[in-house]
Amino acid sequence: MIDLSIVIVNYNTRQLLDDCLASLAAATIASYTIETIVVDNASPDGSQAMVRAQYPDVVLIENEENVGFSTANNIGVTQSSGTFVLFLNS
């Protein structure tokens, strides 16, 4: 059972996303189960490859086009399985 799903929408902010995911990895509390979902809106800056290479436990959803912030959050929440959902801006 997942306690918390963290949904992060990304578009072309590779370094901010990397910093955000590194911070989450360092702050994880052992008594809770957490899943992190990144919804990428077709970023051309290598964000997807960075997530795949450096954060293999992160669920990466790669949109084929920029669907916008709200729609991307909706996509992320439909893929979440946590009791609670946190929408986090990188």
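What does Asn 12 count as, and at what relative accessibility?

Mentor: Asn 12 counts as partly exposed, at 37% relative accessibility (buried is under 20% relative accessible area, exposed over 50%, partly exposed in between, with a 1.4 Å probe and protein chains only). The model is predicted, so local features need pLDDT of at least 70 and side-chain atom pairs pLDDT 80 or more, while totals for chains, interfaces and linings use all residues. Residues are numbered from 1 along each chain as its sequence is written, and side-chain values use heavy atoms, without hydrogens or water.

Asn 12 lies in the loop between β1 and α1 (helices are DSSP runs of H or I with at least four residues, strands runs of E with at least two, numbered from the N terminus). Its phi is positive, about 65°, although Asn 12 is not a glycine. Ala 42, in the loop between β2 and α2, also has a positive phi without being a glycine, at about 60°. Ala 42 counts as partly exposed too, at 28% relative accessibility.

The axes of α1 (residues 14-27) and α2 (residues 47-54) come within 9 Å of each other and cross at roughly 25° (axes are lines fitted to C-alpha atoms, for helices over the stretch in contact, with angles from 0 to 180 degrees between N-to-C directions). That angle makes α1 roughly parallel to α2 (under 35 degrees; over 145 is roughly antiparallel, 65 to 115 roughly perpendicular, the rest oblique). The contact is made by Arg 14, Leu 17, Asp 18 and Leu 21 on the α1 side and by Ser 47, Met 50, Val 51 and Gln 54 on the α2 side (contact means heavy atoms within 4.5 Å).

Within α2, the residues Ser 47, Gln 48, Met 50 and Val 51 are buried. They span an arc of only 165° around the axis, so they lie on the same side of α2 (the arc is that of the directions from the helix axis to the C-beta atoms). The buried residues of α2 pack against β1, α1, β2 and β3.

Two residues towards the end of the chain complete the picture. Phe 84 is found in strand β4 and counts as exposed, at 58% relative accessibility. Setting aside neighbours within four places in sequence, Phe 84 is in contact with Asp 3, Leu 4 and Ser 5. Ser 90 belongs to the segment after β4 and is partly exposed, with a relative accessible area of 24%. With neighbours within four places in sequence again left aside, Ser 90 is in contact with Ile 8, Thr 13, Leu 16, Leu 17 and Cys 20. Ser 90 and Ile 6 are 84 residues apart in sequence, and their C-alpha atoms are 11 Å apart in space.
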